[in-house]
Amino acid sequence: MCLAIPARIISIEGEDAEADVGGVRRRIGIMLTPSVKVGDYVLLHTGYAIGVIDPAEAEETLALFRELAEVSEIR
Amino acid sequence: MRFVDEFHDPVLARKLANRIQRASKKPTRLMEFCGGHTHAILRYGIRDLLPPTVTMSSGPGCPVCVTSPGDIDRAIRAAQTQEAIVATYGDLVRVPGSRDSLERARARGSDVRVIYSALDALSIAEQHPGSQIVLLGIGFETTAPTVAASILEARRRGLKNYRVLSLLKLTPPVMRALLASGETRIDGIVCPGHVSVVIGTLPYDFIPRDFGVGCAVSGFEPLDILRAIDVLVQQVESGTPAVANAYPRAVAANGNRTARSLIEEVFEPCDAAWRGIGVVPGSGLAIRPEFAAFDASAVLGFGVEDAGEPAGCRCGDVLRGSLTPSECSLYGTGCTPEHPVGPCMVSQEGACAAHYAYGAGS
């Protein structure tokens, strides 16, 4: 029920946007994410963007996973 | 899909699991609050990667599962009203109320439509000006701002035939109720990622402070979940429970301020009945009096008495994390996804349906 999937914003028109959802284009509501820009990835839940994904944080998390994995190898 | 595939790396997953195995010495019982996490843990075989010291139990984070029989009865009554069209998210149509389900009401001629978004319910209202549309507003803080947005949009468009039956529920109050009951021993909570996108991490501060239990906000991909378990195991081993954010690409400490202020504008907290748990103070969202024209409960009234659970059904114990699905005598025999008795077997995110789908016998 709380499923939300990443979607890339293609164009914005007021409180609506066109988004690429895994290769499918959909109109979504962006009323909850007023600062969203074209090219951003949002989390799409029941037709609305509920948050914007931070790509720098995503990269940091992956780097942390790789680091933790290496440490667990050495030990 | 970007931000999904990278978090599925099987080599990294195994290494994270090794790290958990090495660190875990004490028996550690973790609860994943969210039904989406239960589903993912079973789907990706995460339980099989964990050491015997770490056990996972499901929580009440499945909105379909925790909707009380009395609320289903009210929804059915809404559907039986003349000129009514009831719009609902997915699996709720199959959930038994005290005597009936929305699916059976539909078979008898009521107009019950499954929708994907509150926006769809608005479209139905525009297309059927002679009908009264009732959106069954189920869900947690993830869904609440979208329902609030639909009410504001209905007001903007001047729609007079759109109403919401708010069955929305709040996460932190029910976590407090579960921890305070002391019924289930919990050493750490995997907190719901998409609820937290909206509310942030600060509302969980009471969990380590008042109960000495750690929690970690987690995303829904396998690496996210393993990392959250890793963090909780480290907290248990070092005796330092805290609120950890293991989903920082989506969750900020303050959450989504716009979404929170929309919830605040349209709703106010109220007591809410949870299936299997009972009435939890301040755990629901009621529509504020300023928006009474959009409030279906004002039209429908209350007063439907709960008739309790179907005979033999132990969904309540499953939702509190005190029973695993296969410990229920109906599981897999009298209760299957084709012929569900209780809501945990109806919803795909219900613990029983997830266990059944992925063959987790014990």
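Modeller: Two residues are in contact if their C-beta atoms, placed from the backbone, lie within 7 Å. The model under discussion is a predicted one.

Colleague: On that criterion, how many residues of domain 1 of chain B are in contact with domain 2 of chain B?

Modeller: Five residues of domain 1 of chain B are in contact with seven residues of domain 2 of chain B. Helix H10 (residues 193-199) of chain B gives the most to the domain 1 side, with four residues. That side divides into three nonpolar, two polar and no charged residues.

Colleague: What makes these two parts of chain B separate domains, and where do their bounds lie?

Modeller: The bounds come from an automatic or database domain assignment. Chain B is divided into domain 1 (5-53 + 181-245) and domain 2 (65-170 + 257-298). Their C-alpha centres lie 32 Å apart.

Colleague: What makes a set of residues a nonpolar core, and which residues touch the most other members of the largest one?

Modeller: The members must be buried residues of the listed nonpolar kinds, joined through C-beta atoms within 7 Å. The largest such core holds 142 residues, of which B:Val86, B:Ile189, B:Ala216 and B:Ile229 touch the most other members. Helix H12 (residues 222-238) of chain B gives the most to this core, with nine residues. The core also draws at least three residues from each of domain 1 and domain 2 of chain B.

Colleague: Which residues is B:Ala216 in contact with, leaving aside its neighbours within four places in sequence?

Modeller: With those neighbours set aside, the contacts of B:Ala216 are B:Val190, B:Cys191, B:Ala228, B:Val231, B:Leu232, B:Ala244 and B:Ala246.

Colleague: Why are the buried residues of H9(B) said to line one face of the helix?

Modeller: A residue is buried if 20 or more other C-beta atoms lie within 10 Å of its own. In helix H9 (residues 171-181) of chain B, the buried residues are B:Thr171, B:Val174, B:Met175 and B:Leu178. Seen down the axis of H9(B), they fall within an arc of 105 degrees, and therefore they line one face of the helix. H9(B) is followed by B:Gly182, which has a positive phi, near 70 degrees.

Colleague: How many residues does each chain bring to the contact between chains A and B, and which element of chain A gives the most?

Modeller: Chain A brings 32 residues and chain B brings 44 residues. On the chain A side, strand S4 (41-45), strand S5 (48-52) and helix H1 (55-74) each supply at least two residues. H1(A) gives the most to that side, with 10 residues. The residues of the chain A side divide into 18 nonpolar, nine polar and five charged.

Definitions and conventions: Residues numbered from 1 in each chain as written. Chains lettered and ligands numbered in written order. Predicted model: local features only at pLDDT ≥ 70, side-chain atom pairs only at ≥ 80, totals over all residues. Nonpolar A, V, L, I, M, F, W, Y, C, P; charged D, E, K, R; others polar. Buried ≥ 20, exposed ≤ 12 C-beta atoms within 10 Å, placed from the backbone. Arc of directions from axis to C-beta.
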